[in-house]
Amino acid sequence: MAVGTHGESFMETDPPASRGARPGSAGGGGAEGAAGREATGRDLAGLVQVADRIRGAVESVIEGKPKAVRLALTVLLAEGHLLIEDVPGVGKTMLAKALARSVDCSVRRVQFTPDLLPSDITGVSAYNQELREFEFKPGPVFANIVVGDEINRASPKTQSALLECMEERQVTVDGTTYALEPPFMVISTQNPVEMEGTYPLPEAQRDRFTARISMGYPDPASELEMLDAHGGSSPLDRLTPVAHASDVRELIEVVRRQHVAASVRQYAIDLVTATRKHPELRLGASPRATLHLVRAARAYAALDDRDYVLPDDVQELAVPVLAHRLLPTAEAQVERRRPEQVVADLVRRLPVPSPGR
Ligand SMILES: Nc1ncnc2c1ncn2[C@@H]1O[C@H](COP(=O)(O)OP(=O)(O)O)[C@@H](O)[C@H]1O
Ligand SMILES: [Mg+2]
């Protein structure tokens, strides 16, 4: 089952006291090994250093968007995929490219168009005349970071080919399965769904993205910085990698070991459950959303140099991780209530677990 694949590794790395425990059934969970936490602490220092370097590199190119940059990094470390949705010209592609370029790993970019075929993404088996056999030619999805630009311009068939690879982290062509090596992150950009000539991603596919962010216009001071920095050549060309793919794999391991108290896990479940019962939503968040929320919270806490997750991490991530998966009811749409607002309201309204692990 798709939802379970990451869930298991996620549980295995839990501290013993909470391993396999149903959220809410374990108490504070304060008994787990202090030694384990110390080890995590040491690794965490390394993580913060590397992550700061990546963040610095991306921010040297993207002006005035620290929150978007932090979220993008969070998704990378949470082994997720990122959807950047906004109007044209606000730096979506640039953010995707800057993150990809900051890490020394394989990067492929796909510009989605209506005539792109699924095999243009996954690859094809072609007959090799000399060897007299079929040979697999891997498509652009075989990279550590795949930048999928303007995904809502691709046909639904091609979109779903990419989204299948994202979820399964493997590609099957002509009966043979090829694994996609970690780190594997898809960063897709799209224009707002209202724009013409596009195929909006169906909700089942939006659910595959760990988070959706928008860029927003830069403030005037940042825009001025941009004019100065981008006047001549593109600063992207000056960006050199500040971390290796193997560093990112290690960071991902550290994030997997992050401690999440039972109370915080329960809080994530409470939030998600509330979306399923909400009168203004006709589709609530899936269990996959809960997994993504907790996984992202682990990464978010780690970036803050903390080896445990706080309810605040979950709160900060609730809108970017949950809102794009929700569908408002017809009435809510008429009243122009957006899922973002519904989630933000829930975050304000739901009781927050008290401090303590
Ligand atoms: N916040 C920003 N910081 C730096 N440059 C920006 C920013 N927003 C837009 N730009 C500039 O605008 C140009 C267009 O950005 P791009 O990433 O291609 O937009 P999009 O993909 O959103 O249509 C970039 O080349 C970049 O120079
Ligand atoms: Mg673009």
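**Reading a ligand shell, a hairpin and a helix pair**

Guide: In this predicted model, α4 (92–102) and α8 (220–230) each supply at least two residues of the shell around ligand 1.

Visitor: Which helix gives the most to the shell around ligand 1?

Guide: Helix α4 does, with three residues. The shell has 15 residues in total, and Glu63, Gly91, Lys92, Thr93 and Met94 are the closest.

Visitor: How many residues of each class does the shell around ligand 1 have?

Guide: One sorts the residues by class: six are nonpolar, six polar and three charged.

Visitor: Let us turn to the strands. How many bridges join β7 to β8?

Guide: Strands pair when at least two bridges are found between them. Here four bridges join β7 (residues 170–173) to β8 (residues 176–179), and the two strands run antiparallel. Within this pair, Thr172 stands opposite Thr177 in β8.

Visitor: What is found between the strands of this hairpin?

Guide: Two residues lie between the strands, and Asp174 in the hairpin takes a positive phi near 50 degrees.

Visitor: Which residues meet where α11 and α12 are in contact?

Guide: Those in α11 include His292, Leu293 and Tyr300, and those in α12 include Asp313, Glu316 and Leu317. By class, the residues of this contact comprise 10 nonpolar, one polar and two charged.

Methods
Residues are numbered from 1 along each chain as its sequence is written. Chains are lettered from A and ligands numbered from 1 in the order in which they are written. This is a predicted model: local features need pLDDT of at least 70, side-chain atom pairs count only at pLDDT 80 or more; totals for chains, interfaces and linings use all residues. A residue is near a molecule or strand if its C-beta atom, placed from the backbone, lies within 6 Å of it. Ala, Val, Leu, Ile, Met, Phe, Trp, Tyr, Cys and Pro count as nonpolar, Asp, Glu, Lys and Arg as charged, and the others, Gly among them, as polar. Two residues are in contact if their C-beta atoms, placed from the backbone, lie within 7 Å.
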